[in-house]
Protein chains: 2
Amino acid sequence: MEKPATIKDIAKRLNISLSTVSRALRNASDVNPDTKKAVMALSEELNYQPNKLALSLRQKQTHTIGVIVPNLDYVLSLMVRGIDEVALEAGFTVMVCQSNESFGREILNTRRLLESLVDGFIISVSSESKSFEHFKKIQERNLPVVVFDRVTPHLKAPSVRIDNEEGGFIATEHLIEQGYKRIAVLAGPENLGISNSRMDGYLNALKKYKIKKDPALIVHCDFNQDYAYFATLELLAMKKRPDAIFTISDRMAIGAMLAIKKKGLRMPEDIGLVGFNNEPVTSLVTPSLSSIEMPSFELGKAAAKLFIETMHNKENMDLEEKVLKPKLIIRESSQKSPIKN
Amino acid sequence: MEKPATIKDIAKRLNISLSTVSRALRNASDVNPDTKKAVMALSEELNYQPNKLALSLRQKQTHTIGVIVPNLDYVLSLMVRGIDEVALEAGFTVMVCQSNESFGREILNTRRLLESLVDGFIISVSSESKSFEHFKKIQERNLPVVVFDRVTPHLKAPSVRIDNEEGGFIATEHLIEQGYKRIAVLAGPENLGISNSRMDGYLNALKKYKIKKDPALIVHCDFNQDYAYFATLELLAMKKRPDAIFTISDRMAIGAMLAIKKKGLRMPEDIGLVGFNNEPVTSLVTPSLSSIEMPSFELGKAAAKLFIETMHNKENMDLEEKVLKPKLIIRESSQKSPIKN
DNA sequence: ATCCTTGCCGGTAACGTTGTCGGAATGGAT
DNA sequence: ATCCATTCCGACAACGTTACCGGCAAGGAT
């Protein structure tokens, strides 16, 4: 009952060779049905489990995917669950590492996963990362890499993300339709792709409705509630203060909301507010927060599927780029007029 | 540049034997300083990384810890980060699996991790689990197991948790001190240990202040916002309705809060409310939610440390039981009178 | 009878590493 | 000159598995 049974044990007890047992346990071609049955029965009895280590060593595949995420907040942990789901189904195990938004940590994670001999990577990059050499090292080893959610043009790899530009656009358009005139945007770190895309969407919406862009209304700040709080206070202290704010994350929207309340302003009457991610908290705050919903779980699943495809095709696969659509969820914080239609 | 370098490559290029290279790379006793230097230099140049698979196979240790958690909500993902921190430091890799509060999934996770030949487990049990045979199988294989946060007396293993009874006690005592008279408790599933402990704390507080226990005020419901919402509606529909509610999680408190608002009651004037976990959302809702804070990150670290100790001692270690203290955070939802002292 | 196919099986090497053992060379002590 | 200890090194087996190759017997076709 102590040590797990091996092929050798089975062979010995059945007085046949290792090779035969090995064959019997797998494809079973080239092996007498009777011996096969005997092997199966005994392996059942001994509760035989093939040793993954030996297997991996032999066939140079660990059936493990390394997943690197900047954190495990609501959205990302949903995505990871999606990845997990599909990976498990396909016979893969996933190893999840958090970079904590730290560049150094991301490098370390990469190295560790590489040492663990994962078969490939599914990555969402940290907001702090400006260099991507550590990821290129992965590709030099010829391992498949898929990036998701936080993609970057500096890393040539198939990717899955949502249409951030579209998200920024519909959020802003919604605010314009509600009659807001001076719309500010609270963006994230300057080098973060998703932040810039969402901002591009914001700019596109302004352009479409012929509203002049005002640089003073575009604020970069850290992906963080407190920073957003102070940034909003500054916005509201302007001579011609904005009458609406689009933030590129719900967390930042919450910070903004606190600042707005602090100033004694009302939402949606004085200020309109739209966040991004549609985290559960959006419906818990007062007023409830309009936000952009994204199909996080699906996105995770898509990333894992793409990974598995990439893995099989390997060479001749053009860098596929899968884009999912976001959706506007209107709540109290931005709904000035009653819902039309 | 393609395949990673092996000991064999080094040996060949240096015209020495595998064994010598192996020794040179490690303890270095029994090897000429010169050859050692040469080996080191070449291994540096070839960027040699020992193959973990071969190593694990050889010495029957994967340096991997299997972590099973019911989910990755705010509290648990903090704990996992704590585990990660300590494990990494000690040279372990962690594999995190979510059971999604499902018994079947938990069994599957266990099996998969066992197949992956992890060196041991750090577990927080799913709320659905009533049988623990799958975990006992781990122990039969003589692998160390540590349970954390959600512990259960049915599993004999070293554990780390917070003092849930104390948490329930201080929450209830606080409500009593604020002058609330009919205090209800929204508990979780009946078989969930942490829920029952918190409820025991509640009962102890009643006893201390000579308040008679009223079974009608003790409600079990699922660990879930919606259930809590409906359960609260029922409580509030009673002839002699409670004037305070202690819920054993913040999520349930949010559900209760929505129900209280729905009924047009005010907090803290009409109803006092205290949650548990001190999630960030507590300070975002209106009114802000009093809650019991626990040292999640520290708890994770303690669990990993305990695991490593257990691993080394193995046999003669009495089942250590580490208990951390929770802390009451008072916010608007329960603060009737101004803060005393 | 001879030959060739087919069905079944075993031996061996290999994946990359470490541990054990034995042995060659050196040098100092007798 | 002989002996023994020391220093350094290589051969070999092993961890558990699979891939490749070759072989033996049975049986059908010639």
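A: Start with the atoms of DNA strand C that lie within 4 Å of the protein: 61% belong to sugar or phosphate, and the rest belong to bases. The model is predicted, so local features need pLDDT of at least 70 and side-chain atom pairs count only at pLDDT 80 or more, while totals for chains, interfaces and linings use all residues. Side-chain values use heavy atoms, without hydrogens and water, residues are numbered from 1 along each chain as its sequence is written, and chains are lettered from A in the order in which they are written.

Now the protein side. DNA strand C is surrounded by 25 residues. A residue is near the strand if one of its heavy atoms lies within 4 Å of it. The closest are T20(A), I7(B), R26(B), Y48(B) and R58(B). By type, the residues of this surface are nine nonpolar, nine polar and seven charged. Here Ala, Val, Leu, Ile, Met, Phe, Trp, Tyr, Cys and Pro count as nonpolar, Asp, Glu, Lys and Arg as charged, and the others, Gly among them, as polar.

Which helices take part? Chain A brings α2 (18-25), α3 (33-45) and α4 (52-59). Chain B brings α1 (7-14), α2 (18-25) and α4 (52-59). Each supplies at least two residues of the surface. Helices are DSSP runs (H or I, at least four residues), numbered from the N terminus.

Finally, the phosphates. An N or O atom in the side chain of Y48(B) is 2.6 Å from a phosphate oxygen of DNA strand C. For S22(B), the distance from such a side-chain atom to a phosphate oxygen is 2.8 Å. For S17(A), it is 2.9 Å.

Terms used:
A polar contact is a pair of N or O atoms within 3.5 Å; within protein, one must be able to donate a hydrogen and the other to accept it, and residues adjacent in sequence count only if both atoms are side-chain atoms.
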